[in-house]
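This briefing covers selected structural features, grouped by topic. Please consult the sequence and the model as shown here.

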Amino acid sequence: MDRRSAKKQRRKKRRGLKITLLILGVLLLIGAGGFYYIYGSVKNTANKMHDDAAWDGSSKRKGDLTPSKGDPVSILILGVDERQGDRGRSDTLILVTVNPNTNKMVMTSIPRDTRTEIIGKGREDKINHAYAFGGTKMAIKTVENFLDVPVDYFVKVNMESFKGIVDALGGVTVNNERLAFNYDGYSFPKGELKLSGKEALAYTRMRKEDPEGDFGRNERQRQVISAIVNEGAQISSVTKMGDILNVVGSNVKTNMTFDEMKDIQSNYKGARSNVENIEIKGQGQRIGGIYYLIVPEDEKTKIQTTLKKELEI
């Protein structure tokens, strides 16, 4: 292989690595280019992650969804804490709406303690319990009912995989502006922090010492996701690719096909530079000795109206 061919091959691999990182979360799915230079190992990883049995489309979606034509889409990020023999719960629920017509992306964080009807269970409970009761499908149906909008796609990420991905990237950098704290044996002072995989996981999990509770933790989770995106987009060495492919392929599931990923990257990437974060607000209340977040009807209506506008429905 001559020097020019070798250089071109390295460039293709770097682009392919960006795409693999896109699959970790929605920001990554929409971000940097390179689908035109896909090669076998990345496609194999995408196929390994594909799980259409968990969700076959929303009954709330009127008409066909066509990403190749740039229809606004919604994608639910499920951050789950799974261990062997235990399905676990969805510690992270973020609904991302992407509108290529306005080049805007909205990330709506749903607090895990939100009290709502669990669809298929016949009772009200914490929204993060839906995944424990009925897996991905019950979690999605419950989110759809709560927000009254369709969920077109899901990306389920095992939170433990953050460690491997962050370490494969050589660590990530976040700016801890709000709160200095200690958690799980690690210290997180205010200011710019370079986090290892274990540190990043601890940074995203602390909530009880945070005066803002789940709201503060959700903010840190978004910081780490964004940091992974930024770090991944700057990778120049392909030596990290094998590790990242292995971690992503084993710990991320989605109902997106490989072709849908290509369409989303091609038609929606402009929204990456215009991101709005929404945090659902409510009041804490104990019912039967259990803490819940009660979201007022006017707050729900406001969020639902915003999301419907973003999805043009």
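Predicted model: local features only at pLDDT ≥ 70, side-chain atom pairs only at ≥ 80, totals over all residues.

A residue counts as buried when its relative accessible area is under 20%. Phenylalanine 181, with a relative accessible area of 5%, is therefore buried.

**Aromatic pairs**

- The number of aromatic pairs in the model is 3.
- One of these joins phenylalanine 181 to tyrosine 203 in a stacked arrangement, with 5.9 Å from centre to centre and 25° between the planes.
- Because phenylalanine 181 belongs to strand β8 (residues 181-183) and tyrosine 203 to helix α6 (residues 197-205), this pair ties together parts that lie 22 residues apart in sequence.
- Tyrosine 203 is also buried, since its relative accessibility is 0%.
- Phe181, Phe188 and Tyr203 are linked by ring pairs into a cluster.

**Charges over rings**

- Tyrosine 203 also has a charged residue over its ring: arginine 220 lies over the face, at 5.9 Å from the ring centre.
- Lysine 121 is placed over the face of phenylalanine 133, and the distance to the ring centre is 4.7 Å.

- Strands β4 (residues 115-118) and β5 (residues 123-126) pair in the antiparallel sense, over 4 bridges.
- Glutamate 117 has glutamate 124, in β5, as its bridge partner.
- The two strands, β4 and β5, form a hairpin with 4 residues between them.
- Within the turn, glycine 120 has a positive phi of about 100°.

**The largest pocket**

- Empty space can be located by rolling a probe the size of a water molecule over the atoms.
- The largest pocket holds about 260 Å³ of space.
- Its lining comprises 13 residues, of which Asp113, Arg207, Gly213, Asp214 and Tyr291 are the closest to the pocket centre.
- Both α7 (213-233) and β14 (290-294) contribute at least two residues each to the lining of the largest pocket.
- Helix α7 provides the largest share of that lining, namely 3 residues.
- Classified by type, the lining of the largest pocket contains 7 charged, 5 nonpolar and 1 polar residues.

Definitions and conventions
Residues numbered from 1 in each chain as written. Heavy atoms only, no water. Phe/Tyr/Trp six-rings, centres within 6.5 Å; stacked < 30°, edge-to-face > 60°. Buried < 20%, exposed > 50% of the residue type's maximum accessible area, 1.4 Å probe, protein only. Lys NZ or Arg CZ within 6 Å of the ring centre and 35° of its normal. 1 Å grid on protein atoms, 1.4 Å probe; cavity = no way out; pocket = protein on both sides within 12 Å on 5 of 7 lines; lining within 4 Å. Points joined across faces, edges and corners; volume = space filled by probe spheres on them. Nonpolar A, V, L, I, M, F, W, Y, C, P; charged D, E, K, R; others polar. Pairing = 2+ DSSP bridges.
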